[in-house]
Amino acid sequence: DTGAELAAGQVPRTREEQLRFAMQQLLTRVTGRLDAAFEPALDDMLTNAERYLVQMGTIDRETLLVTFDARAIESALVAREQPIWGLERPLTLLWLAIDAQGERDILSAGEAFGALSLELQELEARYREEIASLAEERGLLFELPLMDLEDMGALSFVDIWAGFGARVDAASQRYGADAVVMGRARTTSFGTEVDWTLIRDRQNIALGSGSLRDGLDRLADFYAAEFSTFGETNSVLITVLGIETLEDYGRVMRYLESVSVLGSIGTEIDFDGNALSVRVEARG
């Protein structure tokens, strides 16, 4: 499914234009490529988006809901040797320290506890909207901290600004996120520049600086490079150790069935001691 916000001046008017726009959004999410709309191998999918259509309708005056055939899209991408980024979308916790001409704060999921100027409140509201928009466009899962008493006791503005990854990582444990990113936003009369850093395996990985979304686009590219697959499916034998109960067996099988790069599961199953071997069809 893909939802397209129909804003004045940006809205495709004809049905063909609307379908092309929706397909463009979908291909960006599914391939992980921000430039998917400009890839020559995908141009016919954009031009003939109707071929993959399942359902099309409006939710409200501003939102068009378009549903495409997932299997047909996947088959088309495989045939065109394009990457496929499936359901493995890490939940990423964002810690953003903001310095707005001397006024400082950490961006929270809701309204801040402290007394902030109207200008900073409006700036933070725009940041939340921009993060939500990018998440929708790239198919990312973002979470902002609550910045409640527990967060304020565990982490300070300086910890994020100075890049103390270990402290940020420790304060993030309560959220159970798959990944943690910290950012430093400097806002002046000339605009905003943000430095983003991914915390991974207790190491800081720089995502560069630029606008708010520049670093988050790079994060999406980073994830896409890790989780995307190419090509047809191949038969693979997976062996899992430590299977001691029927519950263990059930949990492993349910997990394998949830992994998007795996097709048919269990065409060949063998159990030896505490080792479970399963034949699967894996893409890429």
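Tyr 223 is buried, at 2% relative accessible area (buried is under 20%, exposed over 50%, partly exposed in between, with a 1.4 Å probe and protein chains only). Keep in mind that this is a predicted model, where local features need pLDDT of at least 70, side-chain atom pairs count only at pLDDT 80 or more, and totals for chains, interfaces and linings use all residues. Residues are numbered from 1 along each chain as its sequence is written, and side-chain values use heavy atoms, with hydrogens and water left out.

On to the rings. A pair of aromatic rings is described by the distance of the centres and the angle of the planes. Rings of Phe, Tyr and Trp (its six-membered ring) pair if their centres lie within 6.5 Å; planes under 30 degrees apart are stacked, over 60 edge-to-face, the rest tilted.

| Pair | Centre to centre | Angle of planes | Type |
|---|---|---|---|
| Trp 95 and Tyr 175 | 6.4 Å | 80° | edge-to-face |
| Phe 222 and Tyr 223 | 6.4 Å | 65° | edge-to-face |

Trp 95 is buried at 0% relative accessibility, and Tyr 175 is buried at 14%. Phe 222, on the other hand, is partly exposed at 27%. Together with Phe 227, Phe 222 and Tyr 223 make up one aromatic cluster.

Arg 89 lies over the face of Trp 85, 3.8 Å from the ring centre, while the charged end of Arg 184 is over the ring of Trp 161, 5.8 Å from its centre.

Methods. A charge sits over a ring if NZ of Lys or CZ of Arg is within 6 Å of the ring centre and within 35 degrees of the ring normal.
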